[in-house]
Amino acid sequence: MGDHSTRQPYRQDRPARPATTRPTRGRWSDARTYAALDLGTNNCRLLIARPQGSGFAVVDAFSRIVRLGEGLTGSGRLSDAAIDRTLAALRVCADKLKRRNVVLSRAVATEACRRAINGADFIARAHAETGIRLDIITAEEEARLAVLGCHALIEPGGDPALVFDIGGGSTEMVLVDTAGREPRVLDWHSAPWGVVSLTESVAGIDAGDAEGRARAYARMRETVAMAVAPFAARLPQTERPRLLGTSGTVTTLGSVHLGLDHYDRAQVDGMIAPVESMRAICRMLGGQSIDERARVACIGAERADLVVAGCAILETIMDIWPAERLGIADRGIREGILRCLMGERRP
């Protein structure tokens with residue numbers, strides 16, 4: 001479900017959880033400004049930062065729900081309205097890049113542009129109108145960047161850990177070995193279902209009766225389970241499975257778990273939630289009407305229509321990787337890109 005457009009920006013005075021990284025020595029003493037832009041199926045997100053110590057200090061941040069992939073499942077194309085919304089957000093990003101004197105940046109586009117017939121045309125138009133050159137990255141690189149950006153929040157342990165990113169058009173899952181200085185990818189899988197694509201593909205989640213909504217939620221779960229079955233069959237048995245999620249779905253549900261009346265990154269990023277509590281929240285939301293979901297703090301009208309699909313994806317992931325606790329990260333692809341730029345390395 002992507003980032004919260006109403007989130008407070010990252011603050012530079014939060015020493016408890018530095019924003020990530022361990023790049024090549026010698027590059028961290030400069031004051032140059034770097035930027036990472038992640039254009040997903042649902043959100044447009046920008047992060048501008050300078051190297052600082054063993055991590056980076058965020059100079060500016062921007063997040064807006066643009067729903068670039070709205071209607072893509074049925075038409076195979078990015079709609080004119082979705083393109084206009086996205087270009088408006090990219091113009092804001094372009095202005096920030098200029099004002100912050102960014103010296104090195106990377107902008108990536110993911111599932112919506114990978115899948116759309118007119119994805120390449122949109123990329124060309126975005127460059128012509130905003131000056132931002134978007135790279136359409138593969139699902140594998142998307143997964144690796146997400147891991148690179150959030151792996152510092154994986155709970156300590158010797159067994160492999162599963163890191164996942166629930167997007168708007170797809171969900172990436174990565175099995176990693178954390179024994180070394182950097183996580184080593186053991187296996188990965190990209191499921192073609194995110195909160196937008198799943199919502200548009202399974203009808204009935206907003207049926208007038210609770211039984212109808214329950215049936216639709218079950219169909220969502222079955223749809224995702226079929227898509228992840230090949231990956232599930234390859235997963236090893238572990239004594240203590242570790243699970244870390246990054247996306248608007250998990251940060252939103254983490255906020256609900258904490259009972260927050262508004263989103264607070266300081267409380268959510270790095271939190272650990274019992275899996276059973278997250279399942280209970282998923283099932284509660286799956287049974288509610290859209291109006292009831294819209295009244296839940298930290299969900300609201302903007303996310304009420306997509307959050308149930310996120311719940312279905314999350315529950316399926318928790319089925320195939322039976323951890324007792326879920327780590328939640330409000331960081332991912334953008335932070336991974338910044339690590340690569342500042343460390344002058346590619347994933």
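Predicted model: local features only at pLDDT ≥ 70, side-chain atom pairs only at ≥ 80, totals over all residues.
**Entry 1: overall fold**

What share of the contacts in the protein with a separation of 6 or more comes from residues 24 or more positions apart? I looked it up and got 74%, with a contact taken as heavy atoms within 4.5 Å.

Residues are numbered from 1 along each chain as its sequence is written, and side-chain values use heavy atoms, with hydrogens and water left out.

I then checked the size. A compact globule of 347 residues would have a radius of gyration near 20 Å, and the protein agrees with its 19 Å; the radius is taken over C-alpha atoms, and the globule rule is 2.2 Å times the number of residues to the power 0.38. Along the principal axes, the C-alpha atoms fill a box of roughly 60 × 50 × 40 Å.

I found 14 helices and 11 strands, which are DSSP runs numbered from the N terminus (helices H or I, at least four residues; strands E, at least two).

**Entry 2: surface and burial**

Of the 347 residues, 59% count as buried. My cut-offs were under 20% relative accessible area for buried, over 50% for exposed and partly exposed in between (1.4 Å probe, protein chains only). The protein exposes about 14100 Å², and carbon and sulfur atoms supply 50% of that; the areas come from the Shrake-Rupley method with a 1.4 Å probe.

**Entry 3: helix H14**

Why do I call H14 (residues 333–343) largely enclosed by the rest of the structure? Because 11 of its 11 residues are buried. Among them are the charged Arg334, Glu335 and Arg339. I also looked at what covers the buried residues of H14: the list includes strands S1 (34–39), S2 (43–52), S3 (55–65), S4 (104–109) and S6 (161–166), plus helix H5 (139–150).

**Entry 4: charges**

I counted 46 positive and 43 negative side chains, with the centres of the two sets 6 Å apart. Lys and Arg are the positives, Asp and Glu the negatives, and His and the chain ends are not counted; each charge is placed at NZ of Lys, CZ of Arg, CG of Asp or CD of Glu.

How many salt bridges are there? I got 31, each being a side-chain nitrogen of Lys or Arg within 4 Å of a carboxyl oxygen of Asp or Glu.

**Entry 5: salt bridges I followed up**

Asp206 pairs with Arg293, with the closest N and O atoms 2.7 Å apart. Asp206 sits in the loop between H6 (195–201) and H7 (210–234) and Arg293 in H11 (residues 290–294), so the pair ties together parts 87 residues apart in sequence. Asp206 is partly exposed at 39%, whereas Arg293 is buried at 0%.

Asp319 also bridges to Arg221 (2.8 Å, N to O). Asp319 lies in H13 (residues 307–320) and Arg221 in H7, so this pair ties together parts 98 residues apart. Asp319 is partly exposed at 39%, and Arg221 is buried at 17%.

Asp319 meets Arg279 as well (2.7 Å, N to O). That pair links H13 to H10 (residues 275–287), 40 residues apart. Arg279 is buried at 10%. Shared partners join Arg221, Glu276, Arg279, Arg283, Glu315 and Asp319 into one salt-bridge network.
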